[in-house]
Amino acid sequence: MISPWKTPSGMSRRHFMNHLAGSSAAASAALTMGGAIAANAEEMRRNRKSAIMLWMGGGPPTIDMWDLKPGAPTGGPFQPISTTGDMQICEHLPMVAKQMHNLSIVRSMSTREADHNRGRYYMHTGFVPNPNIEHPSYGAVVAHELMSQRPELEIPPFVTIGGASAGPGFLGMAWSPFAVTSSGRIRNLDMKLDGMRLRQRMAALQEIESGFANRTRDLPAGEHGKVLKKTFDLMTSSQMEAFRVEKEDEKTKERYGTNGFGQGCLLARRLVEGGVPFIEVDLGGWDLHNNVHQTLADTKLPQLDKAMSALVEDLEQRGLLQDTAIIWMGEFGRTPRINQNAGRDHWARSWSCVVGGAGIQGGLAVGETSSDGTAVESEPFSSEDLMATVCKGLSISLDTTFMSKNRRPMKIANGGKVISELVA
Amino acid sequence: MDRANRTHRIDPLPGHPIRLLEQFRFQYMAPKSIFLSRLTRSLGGLMILMIAFASLARAQSVVPPQIAMINDAIEQGWADYEITPAKEADDAVWCRRVFLDIIGRIPSLEEQQEFAADRGGNRRAKLVDRLLHDDRYTEEYANHWATVWSNLLIGRGGGMDRRDLTNRDGMMKYLRDSFAENKSYDRMVYELVTAEGATKPGAPGFNGAVNFLVGKVNEEKAVLAASSVSRIFLGQQVQCTQCHNHPFNDWKQQKFWEFNSFFRQTRALRRFVDGTRDVDYAELVSEDYAGEAGDPNDALVFYEMRNGLTRVAYPVFTDGTEISKSGYVDDVNRRHELGRLMMDSQSLDRMAINRYWSMFLGYGFTKPIDDMGPHNNPTHPQLLDDLANAFRGSSYNVKDLITWLTLSRPYSLAAVLGSNNQIDDPSIGETPKFSRFYLRQMSAEQLYQSLVSASGGNATGTYEQQEKKRREWLRQFVVTFGTDEGDEATTFDGSIPQALMLFNGELTQNATSTKPGSFLDRLSQSGKSTRDRLNLLYKAGLSRQPTKREVALAGELYRARGGKEIEMLQDVWWAILNSNEFIMQH
């Protein structure tokens with residue numbers, strides 16, 4: 001932590017404090033930890049919600065995982081197995097099968113964006129891409145809404161592990177994802193300067209910052225100051241301990257899988273424990289235009305099975321699952337038809353997502369697709385609907401409205417409707 | 001706080017301001033040039049005159065009519081929207097801006113002084129001319145633009161992975177050579193699209209241009225080659241149409257596979273280190289193509305529609321021009337034909353203009369810039385077309401284009417959002433009206449070069465060593481999305497990792513070093529007084545003098561450091577390098 005406060009020689013304490021209060025960067029941590037807040041901290045900790053998104057970059061073939069069509073020409077070679085929930089899933093996810101009482105499958109996802117970039121944007125925000133506006137992503141929205149539950153949080157409220165996630169849009173740079181690798185190591189964290197001097201430098205920096213922001217009157221100039229404050233907080237915070245995934249014992253690491261995604265999920269659990277409201281963990285490589293089933297059986301599904309099951313199990317054991325939403329999804333599913341390269345191509349019309357935890361009912365399979373998987377045969381659900389459901393599960397009010405930069409009101413989750421089977 | 005500040009005075013300050021780099025009034029343009037532009041337009045012989053004037057321009061300091069054309073069109077937009085533009089940026093800020101945009105780094109103190117000392121007319125034009133044509137900047141110019149184009153052509157991650165066939169050094173070498181000799185834009189595009197040869201410098205048959213396509217042809221039927229060429233050079237986004245008709249432009253699935261057919265003779269071959277299975281380099285070749293039905297005289301490709309039906313495609317250019325159906329290279333080299341057809345396409349010119357305009361003015365005429373067509377109306381359609389024609393008329397001279405852009409009125413404006421142009425805020429979704437200079441982050445590459453320059457320039461080591469260091473540094477900001485299309489993002493976006501890097505990273509450590517011979521060490525031995533040196537510091541980093549409050553704060557730091565001036569300078573320099581004002585192009 002920082003060395004104790006001392007007044008620099010030749011300067012009145014009050015004067016220097018003023019600079020720092022202006023910058024807010026240095027003073028905030030000390031000033032906000034007042035008595036009233038500390039007294040409520042325990043109460044808040046008990047009720048605070050979090051969310052972990054498992055992002056399957058490239059578009060996972062959900063027809064081979066969560067909504068199998070054995071025997072159909074589109075079905076592929078995998079067999080379904082029973083689970084602890086009221087559904088069957090793929091035989092290559094045996095450990096996840098034991099956790100399905102905690103998770104539900106939405107089998108009637110039906111979206112329109114089958115391009116990677118557009119699909120990634122749409123599934124992350126609930127809005128289709130629009131060149132004139134940048135919408136905030138899941139992480140930014142959830143972090144923004146849940147921050148009031150953790151005034152003591154000094155580390156970034158939106159962390160993405162092993163990927164880039166999606167940006168904060170009009171909520172501003174202060175809500176952008178903090179990207180780390182699954183090792184949890186953060187570059188350039190080392191402060192090679194004593195805390196006193198750093199604070200004084202921050203004061204000088206703040207003077208330039210605010211001057212420039214006032215002169216240009218342009219948003220990016222002011223946003224930068226908020227990021228500086230968060231950076232300063234993080235550098236000087238003992239809460240950074242949460243990132244030290246290497247402190248977990250070997251057995252635990254092994255249980256999650258000693259690969260990027262496994263360790264990423266373990267890190268996500270530590271961050272939830274450390275109070276971070278939103279974490280995304282990325283597992284890429286699902287863009288399986290070729291040789292889909294062998295790749296799934298050999299690498300992708302065993303990896304996912306280990307990490308996802310360990311994560312859900314750990315959260316439940318620690319009593320965290322009831323307050324932590326899990327969202328498993330990619331940008332779209334893959335074609336029921338198997339192509340000439342034994343692969344599956346992009347497909348958004350009928351596919352599955354998996355959710356659970358927090359206030360979301362587990363053990364269910366919601367919705368149905370046709371016998372060959374090419375069409376949804378029940379009420380279709382969209383990215384907005386899923387997002388609304390997750391928000392409700394996190395006790396975030398769906399009446400929440402954001403004001404975009406051009407003063408257009410934007411409803412949270414783009415006004416999606418809650419999937420009623422999943423949240424009360 | 002104000003009052004407290006005023007009561008402090010830095011002890012060693014002299015009573016008078018130092019006139020190191022004074023501010024000058026900028027005289028923008030003689031009325032004559034406006035007259036000329038109207039004249040040329042009314043005569044209708046626009047193109048011929050423009051070519052004539054372009055060549056005259058440098059010799060006689062006549063403002064090229066292309067600049068007047070930009071100014072007229074943009075000013076008309078202001079009038080239509082009833083907005084008043086920001087005032088002119090002051091000379092020092094403009095100088096910093098143009099250094100960053102043309103050679104990719106901020107100017108040194110000496111370079112700022114050289115600019116300020118030029119008291120003749122046309123100072124700005126002379127600076128642009130120096131940056132573009134003076135030998136001492138050739139290398140930096142070429143390196144900056146090679147970097148920008150490498151990122152466009154092969155992504156920030158291209159050639160970074162050992163398994164990748166792309167050779168980043170080869171790509172950079174080709175582009176550096178091209179920009180150093182000011183190769184015309186059309187020629188560069190033609191070479192990139194048609195190149196054959198080896199990827200690696202020094203390998204037999206080396207041709208660095210092949211690195212653009214070498215990683216895009218072997219997999220997935222060269223889908224990536226087709227979508228990259230059409231997006232980057234023609235401004236046509238076709239990647240969705242490989243699987244279905246485009247929902248909102250006129251590209252159909254058929255068109256995609258016709259365009260894709262141009263790349264089907266192309267293969268990337270691995271060449272191994274003798275006696276091993278280690279890939280040494282790759283070679284891009286054109287081979288006879290039998291087509292998917294096995295008949296080289298009728299080399300067709302199949303594609304499947306969403307309804308499961310199979311269709312056939314042959315090479316057909318976007319405008320409907322067909323070429324021979326033969327797959328024999330001796331009959332027809334499909335990429336040569338494609339290159340030729342692209343050279344005749346207006347889309348080539350318009351995309352180039354849109355790209356360069358957005359690089360210098362902050363936003364393009366369309367958003368996104370590389371998705372052009374009837375479905376996406378440009379903000380200034382006439383200007384886009386006129387500039388496209390002018391660019392073609394200048395034989396695609398990139399340096400001429402840069403001259404027009406940097407000496408235009410919209411480029412000269414201050415980066416201030418005022419009450420009279422409040423609506424001109426593209427960051428909130430308004431269409432850009434270019435009534436101010438749009439504030440933007442430096443690119444990672446610009447920041448790197450600026451920090452190296454700020455540490456006193458004189459980077460050590462060979463080009464290769466410097467480039468290796470730079471690449472390692474840049475790599476930390478690249479994130480890939482794990483898709484076949486190699487999509488990637490940068491975390492160099494003004495968020496925390498970037499702030500941490502600037503707070504504590506090695507580059508900042510070096511830039512703020514006080515070791516003998518360092519920038520701060522040399523600075524502390526120059527100038528007449530502490531105030532003088534403080535001014536130099538602000539000038540070096542921010543191209544301006546410190547404000548009163550900043551001087552007062554420096555005084556406080558001076559005392560906090562126990563009167564050790566170099567430590568105060570170090571603190572201030574650290575603050576400058578970390579500030580929004582430093583890391584933004586403004």
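**View 1. Helix 5 of chain B in the predicted model.** Helix 5 of chain B covers residues 91-103; helices (H or I, at least four residues) and strands (E, at least two) are DSSP runs numbered from the N terminus. Its 13 residues reach 18 Å from the first C-alpha to the last, close to the expected 18 Å, where the expected span is 1.5 Å times one less than the number of residues. Twelve of the 13 residues are buried, that is, 20 or more other C-beta atoms, placed from the backbone, lie within 10 Å of their own. Among them are B:Trp94, B:Arg96, B:Arg97, B:Phe99 and B:Asp101. Just after the helix, B:Gly104 takes a positive phi of about 80°.

This is a predicted model, in which local features need pLDDT of at least 70, side-chain atom pairs count only at pLDDT 80 or more, and totals for chains, interfaces and linings use all residues. Residues are numbered from 1 along each chain as its sequence is written, and chains are lettered from A and ligands numbered from 1 in the order in which they are written.

**View 2. The contact between chains A and B.** Chain B gives 57 residues to the contact and chain A gives 62; two residues are in contact if their C-beta atoms, placed from the backbone, lie within 7 Å. On the chain B side, helix 20 (496-504), helix 24 (548-560), helix 25 (565-578) and helix 26 (580-583) each supply at least two residues. This side divides into 27 nonpolar, 17 polar and 13 charged residues, with Ala, Val, Leu, Ile, Met, Phe, Trp, Tyr, Cys and Pro counted as nonpolar, Asp, Glu, Lys and Arg as charged, and the others, Gly among them, as polar.

**View 3. The largest nonpolar core, around B:Val572.** The largest nonpolar core has 266 residues, and A:Val355 and B:Val572 have the most contacts inside it. Such a core is a set of buried Ala, Val, Leu, Ile, Met, Phe, Trp, Tyr and Cys residues joined through C-beta atoms within 7 Å. Helix 11 (residues 292-317) of chain A gives the most to this core, with ten residues. Leaving out residues up to four places away in sequence, B:Val572 touches A:Ala204, B:Leu534, B:Leu537, B:Ala554 and B:Leu557.

**View 4. The two domains of chain A.** Domain 1 (45-188 + 239-415) and domain 2 (192-235) of chain A have bounds from an automatic or database domain assignment. Their C-alpha centres lie 35 Å apart. Domain 1 gives seven residues to their contact and domain 2 gives six.
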